[in-house]
Amino acid sequence: MSELDLDCLIVGGGPAGLTAAIYLARFHLSLQVVDAGRSRASWIPCTRNVPGFPDGISGDELLRRMREQAEKYGAAFSQSRVTRLDRIEGGFSAEWGQGCATARTVLLATGVRNRRPAMDEELHDEALARGLIRYCPICDGYEVTDKKVGVIGSGSHGVAEAIFLRGFTADITLIAPDKTHQLRREDRQKLDELGICTVDGPSRGVAVQQDCIVVETADGFHAFDSVYPALGSDTHTELAGQLGVALNETDCIAIDAHQRTNVPGAYAAGDVVIGLDQISNAMGDGGVAATTIRNDLAKLRPLKR
């Protein structure tokens with residue numbers, strides 16, 4: 001069998017994939033990161049939840065620093081989207097844009113895609129950059145302390161997010177994305193006990209005014225300091241499907257305690273295995289996956305300089 005191009009192909013250049021790239025490069029393994037440039041971390045105007053940055057850091061800057069660190073130790077990068085991933089003898093073959101490669105192992109760090117609220121795309125991006133739309137109350141709930149917050153969602157997911165944010169501010173409104181709220185009696189009781197208002201939809205973000213975002217609903221216009229869409233997300237598992245990688249009950253990639261999938265040589269890390277939306281968790285996954293990859297490769301062929 002001819003020698004394969006790489007020890008590891010990493011698909012995805014978010015915090016999980018980049019952490020793995022840093023580790024693997026420092027293990028003296030050959031690797032390539034193929035990234036479509038759409039990491040959700042790049043949406044973050046400023047995160048103050050990443051340890052070591054007490055004054056915060058933008059998502060773009062964090063990703064830039066991590067890429068620079070990986071490149072310093074020899075990691076190669078391609079900005080493109082992998083469109084084909086196949087199992088071959090001894091590993092995998094991948095195709096993207098104008099490139100292709102074979103690799104002994106593959107790490108899927110493809111993440112998830114948030115479902116956006118109904119609004120103009122340019123308005124959404126402007127509001128996101130200004131912190132008027134936020135997607136992770138765990139990361140930035142502190143930033144809306146004692147502010148007026150809208151949560152766009154319904155059902156158990158929307159209720160849970162509204163209740164979580166109630167720990168930061170008393171002024172919470174749960175807005176139905178479509179028509180009227182469909183809430184269980186116990187959920188309605190929880191909302192009432194916490195003083196969380198509900199507004200029927202349909203709803204649509206329509207404007208940014210000074211430091212507020214305006215949402216149009218069935219009963220008129222409402223202005224908020226920030227809005228949290230609680231509409232769920234879709235996991236990027238298309239490439240996993242091409243390899244026959246198993247998913248779990250939440251449609252994320254199923255892994256063992258060391259980030260291995262059911263397909264030998266294929267690993268996964270970050271939000272694609274658990275939609276926790278946490279940079280620190282994704283980094284941890286990336287570190288575990290990289291170490292597992294290094295050790296598994298060493299079992300097949302001793303690694304030496």
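Axes are lines fitted to C-alpha atoms, for helices over the stretch in contact, and the angles between them run from 0 to 180 degrees between N-to-C directions. In this predicted model, helix α5, which covers residues 155–165, packs against helix α6, residues 185–194, at an angle of about 20°, and their axes lie 11 Å apart. Because angles under 35 degrees count as roughly parallel, α5 is described as roughly parallel to α6. The crossing of α5 and α6 is left-handed.

On the α5 side the contact is made by Ser156, Val159, Ala162 and Ile163, while α6 contributes Asp187, Lys190, Leu191 and Leu194.

The strands form an open sheet of 4 members in the order β10-β9-β8-β14, with parallel pairing. Its edges are formed by β10 and β14, each of which pairs on one side only, and the twist from one strand to the next averages 25°.

| Strand | Residues |
|---|---|
| β8 | residues 149–152 |
| β10 | residues 197–199 |
| β14 | residues 226–229 |

How many bridges join β8 and β14? The two strands pair in the parallel sense over 4 bridges, and within this pairing Val149 stands opposite Ser226 in β14. Strands of a sheet pair through backbone hydrogen bonds, in either a parallel or an antiparallel sense.

Methods
Residues are numbered from 1 along each chain as its sequence is written. This is a predicted model: local features need pLDDT of at least 70, side-chain atom pairs count only at pLDDT 80 or more; totals for chains, interfaces and linings use all residues. Side-chain values use heavy atoms; hydrogens and water are left out. Two strands pair if DSSP finds at least two bridges between them. Angles under 35 degrees count as roughly parallel, over 145 as roughly antiparallel, 65 to 115 as roughly perpendicular and the rest as oblique. A crossing is left-handed if the near helix is turned anticlockwise from the far one by less than a right angle, and right-handed if clockwise. Contact means heavy atoms within 4.5 Å.
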